[in-house]
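Thanks for coming, everyone. Please bring up the model on your screens, and we will walk through it together.

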Amino acid sequence: MAERPITYRGVVKAEHCDHMGHMNVMWYVGKFDEASWQLFAAMGLTRSRMQEEKRGVAGLEQHIEYKRELRAGDVITVRSAVDEVKDKVVRLTHVMTNDETGEIAAVMHLVAVYFDTEARKSLLLPPDIRERATRMIVAAAERK
């Protein structure tokens, strides 16, 4: 089983915060989205490959658990895991931590589908992508 790689590092900027002084939910989604694309690229689903083959990946479902508030100046890291690989779908988990405190700030679970961008229909994941993604699966005990 694989370790959970770092897929995003950044800092909470003042403009990311809402009127209560906390990072607004739209920024959690954005940072998790950037982490998703890092993980997809590690699987072999790069922009150039998808563009060349007229393929894409789309989120079908996402669930975010907000655990701790983040404020301007907090340095954060997202580590990601492949939880499951099916014929056309991958299930991912992203964990965002506050680097100073080590506390988990948020967790996102994502279900994404591989599809034909012209026909707009789901497709079987190519064997090489399935193989890479399967090697990236993190054991349940390591996800906690």
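Let's start with helix H1, residues 25-43. How far apart are its end C-alpha atoms? The rule first: the expected span of a helix is 1.5 Å times one less than its number of residues. H1 has 19 residues, so it should span 27 Å. Its end C-alpha atoms are 27 Å apart, which agrees. A word on naming: helices (H or I, at least four residues) and strands (E, at least two) are DSSP runs, numbered from the N terminus.

Some ground rules before we go on. This is a predicted model, where local features need pLDDT of at least 70 and side-chain atom pairs count only at pLDDT 80 or more, while totals for chains, interfaces and linings use all residues. Residues are numbered from 1 along each chain as its sequence is written, and side-chain values use heavy atoms, with hydrogens and water left out.

Now look at both ends of H1. Asn24 caps the N-terminal end. A side-chain oxygen of Asn24 lies 3.0 Å from the backbone nitrogen of Met26. Just after H1 comes Gly44, with a positive phi of about 105°.

Which residues of H1 are buried? They are Tyr28, Lys31, Phe32, Ala35, Ser36, Leu39, Phe40 and Met43. Buried means under 20% relative accessible area, exposed means over 50%, and partly exposed is in between (1.4 Å probe, protein chains only). What covers these buried residues? The cover includes strands S1 (6-11), S2 (55-66), S3 (75-85), S4 (89-98) and S5 (104-116), plus helix H3 (127-135).

Stay with S4 for a moment. Val90 lies in this strand. Val90 counts as buried because its relative accessible area is 5%. Which residues does Val90 touch, not counting those up to four places away in sequence? They are Phe40, Glu84, Val85, Leu110, Val111, Ala112 and Leu125. Contact here means heavy atoms within 4.5 Å. Gly59 is 31 residues from Val90 along the chain, and their C-alpha atoms are separated by 9.6 Å.

Next, charges. How many salt bridges does the structure hold? Eleven. A salt bridge is a side-chain nitrogen of Lys or Arg within 4 Å of a carboxyl oxygen of Asp or Glu.

Take Asp128 and Arg49. Their closest N and O atoms are 2.6 Å apart, in a salt bridge. This pair links distant parts of the chain: Asp128 sits in helix H3 and Arg49 in helix H2 (residues 47-53), 79 residues apart. Is each partner buried or exposed? Arg49 is at 18% relative accessibility, so Arg49 counts as buried. Asp128 is at 29%, so Asp128 is partly exposed.

Asp128 has another salt bridge, to Arg132, at 3.5 Å from N to O. Both residues lie in H3, four residues apart, about one turn of the helix. Salt bridges that share partners join Arg49, Glu53, Asp128 and Arg132 into one network.

Here is another pair: Arg91 and Asp83, with closest N and O atoms 3.7 Å apart. Asp83 is buried because its relative accessible area is 7%. Arg91 is at 32%, so Arg91 counts as partly exposed.

Now Asp116, in strand S5. Asp116 is at 15% relative accessible area, so this residue is buried. What does its side chain reach? It makes a polar contact with the side chain of Arg55, at 3.2 Å. The side chain of Asp116 also reaches the backbone nitrogen of Ala119 at 2.8 Å. A polar contact is a pair of N or O atoms within 3.5 Å; within protein, one must be able to donate a hydrogen and the other to accept it, and residues adjacent in sequence count only if both atoms are side-chain atoms.

Last topic: backbone angles. Most residues other than glycine have a negative phi. Which residues here go the other way? Lys54 is one of them, with a positive phi of about 55°. Lys54 lies in the loop between H2 and S2. Lys54 is partly exposed because its relative accessible area is 38%. Arg120 also has a positive phi, near 60°. Arg120 lies in the loop between S5 and strand S6 (121-122). At 61% relative accessibility, Arg120 counts as exposed.

That's my tour. Over to you.
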